[in-house]
Each structure stands twice: as C-alpha cells, then as structure tokens.
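I opened a new notebook page for this chain.

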Amino acid sequence: MPAHHHSEAPLARSALDAYVALLDRSFVRIAEAAADGRSFDRATVARCAAVWDNNTFPLFMTVTRRTALRRERAARAGLRWMAGLGEARYAWMVEQSAAAGHPVEGLIPAPPPDDHSPYRGYHGTLFPVSGPLTETAVDGYDLSRARLLGLEVELSGTRLHAALEVEVPRVYGLPEGDGATGHPAPRLYLRLDEVSVAEFDAGPAVTGPLEWRADADGVDLRVAGVGLLRAARAALTVEDRYWYLTPAGRAADAATPVERRPGRLGRLGRNRRGRPPGPPFTVREGGAHRLAAALVHRAMLEIRMARFPGSASRRTILEVCRIFEGSGTDLLAAARRGEEGGRALIERWVARGGDAWAGWFAEQLALGRRDGPTGEWAERLADRLRAVPKPVAGPRPRPERAAVRLLLVRFAGHGYDPTEPASAVVHLAVPPEEAGPWELVVAKVERLERFRLDAAGFGATGSGATGSGTAAPVRKDGGRLTVGAGLALEWRSGESGQVGGGARESVHDVA
C-alpha cells in the first residue's frame, strides 16, 4: 500500500484503523528496506518483522470482535500493549503509523521512559545493561589479554556499523563454591555506530590487547595489533554472571534495592514497568481467521531470518511482502464475512504465491490446522498444494563485480568448543546485467585461515555515506576470494570446492 507523508496529519479515525495500518505499513517498510542490494537494510527488516512476534494474534483477535465498540476497545488495548515495550517501540509506531496516514499519537499514552540502570534478576543478582564504552564500564577485566570471538562490519542502509565480541579474563576474585570457577569467562559486546575506518588483517585466532581512545571526534579502537575501528559512538554490553563483583557492579549493588523490580524482563533489561496486561490472544470468530493469523505470523518469522547474516534472502523477503501485502486491511474486510471470508483470504495468499510457494503454504497449513470443518478444509488445501511440482531454479553464475555490504567473521573457538574452526559470511551487492535493482549474494567460507578488510571498499563509509555502492572485481582463485582491494578471504581448500575436513565453501545467491 502506498505511503502518505503528512506534516500535520489528522488524528486517526479510530484505533482500529491505526492498528490495521501498522501491519500493512510493516510489509511496505520491509519491502522498501530490501528493494535493492546496494541499500539492503537488514536491521530495519528484522526490527519491523520482530514487532509482530507477539502482536499478530492480538490484531487478528481484534478484527474478529462482534461489535464495532468491542473492536475499538480491543484495538486500543492492543496498541497500548505494543507500545508498552519501551520508547523505541513507541517511536517506531509513531513514525510508521504517520507514514501510513493513521497516526497513533493522541490515541494511546506514551510509555514511561526506559530505565537504563542495572537491574536484579529473580534471585536478586545484579545485571548490567548496555551503555557507553567507558573506563568505569570495563574496570574489573583484563583488556590486555582479550580474545577476539566475532567481528561484524555492515552497511545498514547507508550507515556503516561494526560489532565486536571479545572474551576477557577477570581481575576480581570469584566467590568460593557455587561452581563459580567453572563458569565461562566474561564476554564483552561492543557496538560502533557511524564507522569511518575499519581495517583488519588477521588469522583465524586473535588474542591481544584491546585499546581504545575516546574524544569529541569519536572513538578509536585498536584490536590486538591486527585491527582498527574508528566510529562516532561506541556502546558496551557485558555478559558476566559475576558482574556485581566488579567495581562498577559493587557501586550499583549498593544503590539498587534488593527487591526485584516489577515487570522487568530478566537479563534483557527491557523496561516493562507500567506495561499494560496483554489483550486476549484467542481469535474468537472462525477457525479460518485463526489459521490466517498463524500464516501472517510465520511469514514474519520467515522475514526475520534476515537477523542471521547467513540466512538473509532479499528475494524471499520481497516475495513474502508481495504475497501478504495489505493483509491487515484484507483481514478486516474478511472478518465481516465470517469463516467464508477467512478461507477466501487464505486462498488469495496461496494464489499470489503460485507454484514457487505451494510447498511453503502446504507446510504451514499442516502445522496450523484445527479439528472440525476448518481443519478438514485446510487439509484438502494442503494436499492440493503438495501435489504442485516445485519449480527448479537453475544455477546462478558467480558474480564478476560486486560491492561489499557485510563481513561477519567467527573466530576459532567462537562457541564454547575450542576446536571450532573460524568461518566467514559476506554479503555482496551485485549489479544487474541490464537496468534494475542490484541483487544480494551471500558468500560463506568455512575453515577460514586469514582475512583482510578495508571498509573503504564497501563503497560508502561514515556519516556522508550514500549507500550507492561501487562494484569491484570479484575473483576466486583456489582457496582465496577477493572483492576489489577492500576484502580478501583465504581458506584451506580441498578438491572440488571442499574446504579442509569435508567443509564446504560456496559463493551463492540466496536472495
């Protein structure tokens, strides 16, 4: 559905209109973020899809209420529940509902401000939350012996970001007993925004000093003598069961009440204080509408696979958005026709999917079917779809030119298995042979032996990034893959594409 931008948009006609518009707008926004490989915004795709993890069924319940008054009351409750997750969620709702022409401002109250202070878990143990990278935040850890576990550098839309995962030794003492000595070493997760420099030349295992300097111009982070990151901002998340024994933890422990704060969601630190009780999650009218809700929910889960770089598929995302475009508005109309309307809506989605999506719909219908007439109808439909021959896609040629969008490196022993080899995932934006959007190609390398990165080869860096992408030559020679002068990956290569002990390397288009 088209987006409408208003400088002074009038209040929505009803909360129900705004509620339905948010689902429709989510598919539009996701499709915009995935429209071109040069500007593929994985974070926006995953964030929009994640909204509907626990909001799809309340919406479908709302539109099937028997009276307009009940639908309006349920819609307001559903919007309050959606917004109650925190300030970021509410800001997203305000922005997207306004773009859809049905602003939520004035319909529901804004949630209370997020609480970014440390919090206590169910057993009274204090946990930290994400915050700026400061000397105080890392006091208690030996950064001179950091072990690099993961590196991610990515163009999200037009902005370059980076993330580091490192394991560090403790310099504070642990309590005796309680299995403390066997607990894994602390891990630090650093997020760097608006990166202007990202340079690495490293092997599969990296251990050394983690040094950083912050000033008014930003943050410089030097990694074990093999990498340099320069960014406008850096945030830190600490994963340490015994954080409360660090100097910062002891100070927070003394200032934080012992009783567990009501409504906090464990270690995630999300502020749920004041979040209203959730609306009913049961679709009351017609089994077909419950089945339709399950299909939309699973479609959003399909899209949210973009969270995992190795599973990001631009083409799949766009296809799902095409199939389920306008599903909120369509469901509102279908609900007025009862069971018949719900079945017709599902049939319409199946028809949009065509042969390529017949197998997916058959699988989802089998998972979501119910006893009774709806279940029998769903089984007949699934049987018909299983009989549809699956289209066979031909091999896609390896790209000759591309622009790097993402590099993810998992260093040796990234998991808790020290024998786990290093690996890498790369996203490449590939220009079309003729006019049209660029594709997204995913390259995966196992048993990585060495990599070199200069983010200047990403085609856009820092606050002035355009995200337009500059295609560079892609070359694969034995156990080496290069993209221009900005990226080189090396691995132990065997015969016929084998990489060491049976592992495989592949450059393939999953988009």
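**Whole chain**

I checked contacts (heavy atoms within 4.5 Å) between residues at least 6 apart in sequence, and 73% of them join residues at least 24 apart. I noted that this is a predicted model, where local features need pLDDT of at least 70, side-chain atom pairs count only at pLDDT 80 or more, and totals for chains, interfaces and linings use all residues. Residues are numbered from 1 along each chain as its sequence is written, and side-chain values use heavy atoms, with hydrogens and water left out.

I looked up the secondary structure and found twelve helices and 20 strands; these are DSSP runs, H or I of at least four residues for helices and E of at least two for strands, numbered from the N terminus.

**α3 with α8**

I put α3 (residues 56–63) beside α8 (residues 287–304): their axes are 9 Å apart and the angle is about 150°. That makes the two roughly antiparallel (angles over 145 degrees; axes are lines fitted to C-alpha atoms over the stretch in contact, and angles run from 0 to 180 degrees between N-to-C directions). On the α3 side, Thr 56, Phe 57 and Phe 60 make the contact, and on the α8 side I listed residues including His 289, Arg 290 and Val 296.

**α3 with α4**

Next I took α4 (residues 68–83), which packs on α3 at about 165° with the axes 8 Å apart. So α3 and α4 are roughly antiparallel too. Here I found Met 61, Thr 62 and Val 63 of α3 touching Arg 71, Ala 74 and Ala 75 of α4.

Methods:
Parallel < 35°, antiparallel > 145°, perpendicular 65-115°, else oblique.
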